Amino acid sequence: MKTAVFAGGPGVDCNSVSSIVQSCDYFLAADSGAQIALKSNIIPNKVMGDLDSISDSTLLELRKRQVPFELFPPEKDMSDTEICLRSVPKSSEIVLICSLSGRPDHVMCNLMLVIKLHSEGYKICATDGTNYFFPMCGEDSLVIEGISNPENVYVSMMPTTIVTGVMTLGLYYSLEDVEIYPGSSFTLSNRLGQSGNSFKISSKSGEMGVFVVREE
């Protein structure tokens with residue numbers, strides 16, 4: 001099973017999202033993430049949150065389509081996005097549709113949450129429709145294949161702890177059993193190898209996020 005979770009925020013490419021989530025079986029929206037879902041031609045199976053940022057027109061459309069709501073008070077210990085994500089069974093692969101260019105505290109919180117959930121056993125990634133964020137934790141590996149227009153793609157590894165045993169295959173700057181450290185720019189803006197459209201990254205311990213960023 002594959003679940004798409006829609007969070008709110010600007011800069012989401014809804015046309016691309018519409019194609020990305022075609023392989024998903026279930027759709028959840030966190031508050032104003034329902035607006036992103038509707039703009040992506042997706043009717044969510046459920047909307048969760050305190051509804052403090054959703055527009056009146058979106059609410060009207062959702063009620064017209066009889067979409068169920070699960071309401072939460074504004075005073076709570078988790079964001080609407082985390083509530084949605086944690087409601088998904090660990091057996092389901094999750095695609096988090098979220099802004100990567102909106103309020104920096106929201107963006108950073110969502111990305112740190114993706115890493116935390118992956119460390120707890122969730123299979124999850126985040127995307128704004130154009131760019132992707134993949135978490136890696138402990139002894140882990142990431143394989144990305146079939147990248148279109150690879151000459152416009154950058155790959156950056158952002159460790160949140162010391163990450164050991166990092167190896168890469170298919171990237172221009174290759175790594176073999178190295179340690180990378182939080183706050184270092186050493187693994188920023190790598191590229192795919194010549195004429196390649198796939199890459200692999202593996203690690204032995206630690207936690208990091210891998211950005212796959214497209215620059216047109």
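**View 1. Residues around the second largest pocket.** The second largest pocket is lined by 21 residues, and those that lie nearest its centre are Gly 8, Ser 79, Thr 81, His 106 and Asn 110. On a 1 Å grid over the protein atoms alone, a pocket is an open set of points where a 1.4 Å probe fits, with protein on both sides within 12 Å along at least five of seven lines, and lining residues have an atom within 4 Å of a point. The model is predicted, so that local features need pLDDT of at least 70 and side-chain atom pairs count only at pLDDT 80 or more, whereas totals for chains, interfaces and linings use all residues. Residues are numbered from 1 along each chain as its sequence is written, and side-chain values use heavy atoms, leaving out hydrogens and water.

**View 2. Helices beside the second largest pocket.** Helix H4 (80–86) and helix H5 (104–119) each supply at least two residues of this lining, and the largest share, four residues, comes from H5. Helices (H or I, at least four residues) and strands (E, at least two) are DSSP runs, numbered from the N terminus.

**View 3. Residues around the largest pocket.** The lining of the largest pocket has 27 residues, of which Cys 125, Tyr 132, Phe 134, Leu 142 and Ile 144 lie nearest its centre.

**View 4. Strands beside the largest pocket.** Among the strands that each supply at least two residues of the lining of the largest pocket are E6 (124–127), E7 (132–137) and E14 (207–214), while the largest share, five residues, comes from E8.
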